[in-house]
Every structure is written in structure tokens, then in C-alpha cells.
Amino acid sequence: MPTHHEKRVLPYTAQQMYDLVADVASYPKFLPWTAAARIRSRTPIEGGEVMEADLVISFKVFRERFGSRVTLYPERFKIDTEYIDGPFKFMKSTWGFRDVEGGCEVEFFVDFEFRNAILQGIIGVVFNEAMLRVVRAFERRAAELYTPVPR
């Protein structure tokens, strides 16, 4: 069961980074291996919103759709994602953002396991590199969209 945890400071506001990660429909524009995204539903909750979304992940010969429940907490700059259906046994991720001097601290955690042992084996070999590429894709997208916070 691969997990990845990363914390770093980026030269953007917590609001900007939160908005970028919360915009799931835009993931195919910049996120590696993301071929398509579709928002199934949006439901308001106290302090936020629950969004159900489908992503199509394409990696080498594998192309899989999976559904997730994304809970958005805009006032807390927090995003929790949990697996609904698709190729995983389970999947959870969390994003947190907080303003700090010179930008914001971004914290990301993901834990998942595929049902398919072959796919799990392939991902296991490249997992850390894949997660680094995903996080860097968000960084590059932020650089395209936002002006860095003055230091």
C-alpha cells in the first residue's frame, strides 16, 4: 500500500492553491495520466461542499475510470478525497493549505491500493516518482495561472 506525504512552501496564497486543487474539472489540462474528468454532483454541507467526480487515468496500456468523493472546506483551505468506485481497493488523499510568510504551506498526503495486482506492481515501482510528478504538475499550473506573492 503506497503512501506519499509531502509538505512544501510555494510562492502563492493558500486561496490560490486551494482553488487550483479544488478545480477537479481542469485536471486533464495539466495533470499527468489524467485523460478526462467529470463532476457527477455537488452537494452543500456545513462549512463546505461535497463533490462526486470521475477521473479517467491512462497509464501505458491501462485506462481506468474511478469515482471519488471530494469534500471541500474552503474556509479551512482543506480538501479530503475518498474513493467511491473503480480500480482501487481503497484510496484517500488530503490537501491542506495555510498562508505563511512569502506564500503558503501546502501539505499533501495520499494512500491507496489497486485491486489489480499487476497494476499495483507497476505503480509500486514508480510510485514515488509518479507522486512527485503529480505535485510538480500542480506547481507548474500555479506558475501559469498566478503571480508569485512578493517576498
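1. Glu 6 sits in strand β1, residues 3-10 (strands are DSSP runs of E, at least two residues, and helices runs of H or I, at least four, numbered from the N terminus). The model is predicted, so to speak for local features a pLDDT of at least 70 is needed, side-chain atom pairs count only at pLDDT 80 or more, and totals for chains, interfaces and linings use all residues. Residues are numbered from 1 along each chain as its sequence is written, and side-chain values use heavy atoms, leaving out hydrogens and water.

2. Glu 6 is buried, at 10% relative accessible area (buried is under 20%, exposed over 50%, partly exposed in between, with a 1.4 Å probe and protein chains only). Leaving aside residues up to four places away in sequence, Glu 6 touches Val 106, Glu 107, Phe 108, Leu 132, Val 135 and Arg 136 (heavy atoms within 4.5 Å).

3. On to the sheet. It is open, with 7 antiparallel strands ordered β1-β7-β6-β5-β4-β3-β2 (a pair needs at least two DSSP bridges). β1 and β2 (34-45) are the edge strands, each pairing on one side only.

4. Strands β3 (residues 48-59) and β4 (residues 62-73) pair over 11 bridges, antiparallel. Glu 49 has Leu 72 as its bridge partner in β4.

5. Helix α1 is mostly covered, with 7 of its 9 residues buried; among them are Met 17, Tyr 18 and Leu 20.

6. A word on confidence: mean pLDDT for the protein chain is 90, and 93% of residues reach 70 or more (pLDDT is the predictor's confidence in each residue, 0 to 100).
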